[in-house]
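Let's take a walk through this fold together.

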Amino acid sequence: MKAWYLLYCKPRSEARAQQNLALQNLETYLPMVSEEKSQRGQKRICRVPLFPNYLFINFDPSQTSVKQVHSTRGVSRIVNCQEKMTPIDDRIIHAIRMKELTPSQSVLDTPLELKTGEKIRFKDGPFADLEAIFQEKCPNKRCHVLFNIMGQINILTVPEQSVERV
């Protein structure tokens, strides 16, 4: 009976395994998410696998040889593949697909428009949950904030996404 199974792929070979399985007319699903990565000081949005090194495959083990799947380039093994293979419930795959289509918070959200003198809070980093005062925007998605450290007001340059309005 045709069902979904979980494949463990070789490191960073999910796309290669997916492509080679598609050449064998096997249905696969690789859930992806948007992630902000920093490279050479610049941030960019990348699509990366939700579950690194894992790929879902929909096939019937009585029609398609498990050995054939195992020998596919990029595939390491089928997870929990013993005498009786454990299929994944279709509802789980459907739920992952729905979550992937409707993300709760997009990385591409428009940045907060802050005004000079407005109170802000650090969301992460060494100053997480501490408050400061927004001064101005800078190039490369950064901003200047006034921060009171040990009784002295200092100007810090921080990434825009690391602060939020109080």
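This is a predicted model: local features need pLDDT of at least 70, side-chain atom pairs count only at pLDDT 80 or more; totals for chains, interfaces and linings use all residues.

Residues are numbered from 1 along each chain as its sequence is written, and side-chain values use heavy atoms, with hydrogens and water left out. The confidence score, pLDDT, is the predictor's confidence in each residue, from 0 to 100. Its average over the chain is 85, and 92% of the residues score at least 70. Be careful with residues 105–110, where pLDDT stays under 50. For that stretch the model has four contacts beyond four places in sequence, a contact being heavy atoms within 4.5 Å.

UniProt, in an unreviewed entry, lists residues 1–100 as "domain: NusG-like N-terminal". Its positions are given here in the numbering used for this model, feature names are shortened, and annotations may be inferred rather than shown by experiment. Over residues 1–100 the chain is 26% helix and 36% strand, and the end C-alpha atoms sit 27 Å apart. Helices (H or I, at least four residues) and strands (E, at least two) are DSSP runs, numbered from the N terminus.

Now find the sheet. It is an open one of four strands, in the order β2-β5-β1-β6, with antiparallel pairing; two strands pair if DSSP finds at least two bridges between them. At the edges stand β2 (27–29) and β6 (75–78), each with a single partner strand, so one side of each has no neighbour in the sheet. From one strand to the next, the twist averages 35 degrees. Between β2 and β5 (residues 54–59) there are three bridges, and Glu27 has Asn58 as its bridge partner in β5.

Which strands does α1 lie across? The answer is β1 (3–9), β2, β5 and β6, with α1 running at about 15 degrees to β5. For such angles, axes are lines fitted to C-alpha atoms, for helices over the stretch in contact, and values run from 0 to 180 degrees between N-to-C directions. Helix α3 (residues 90–101) lies across β1, β2 and β5, at about 55 degrees to β2.

Back to α1, whose buried residues are Glu14, Ala17, Asn20 and Leu21. Here buried means under 20% relative accessible area, exposed over 50%, and partly exposed in between (1.4 Å probe, protein chains only). Seen down the helix axis, these buried residues fall within an arc of 135 degrees, so they line one face of α1; the arc is that of the directions from the helix axis to the C-beta atoms. Their cover includes β1, β2, β4 (42–49), β5, α2 (66–70) and β6. Turned away from the buried side are the exposed residues Ala15, Gln19 and Leu23.

Arg16 is also in α1 (residues 14–23), and at 41% relative accessibility Arg16 counts as partly exposed. Leaving aside neighbours within four places in sequence, Arg16 touches Arg73 and Gly74. Arg73 is 57 residues away along the chain, yet the C-alpha atoms of Arg16 and Arg73 are separated by 7.1 Å.

Finally, look at the loops on either side of α1. Arg12, in the loop between β1 and α1, has a positive phi of about 55 degrees although Arg12 is not a glycine. Arg12 counts as exposed at 76% relative accessibility, and Asn25 counts as exposed at 71%.
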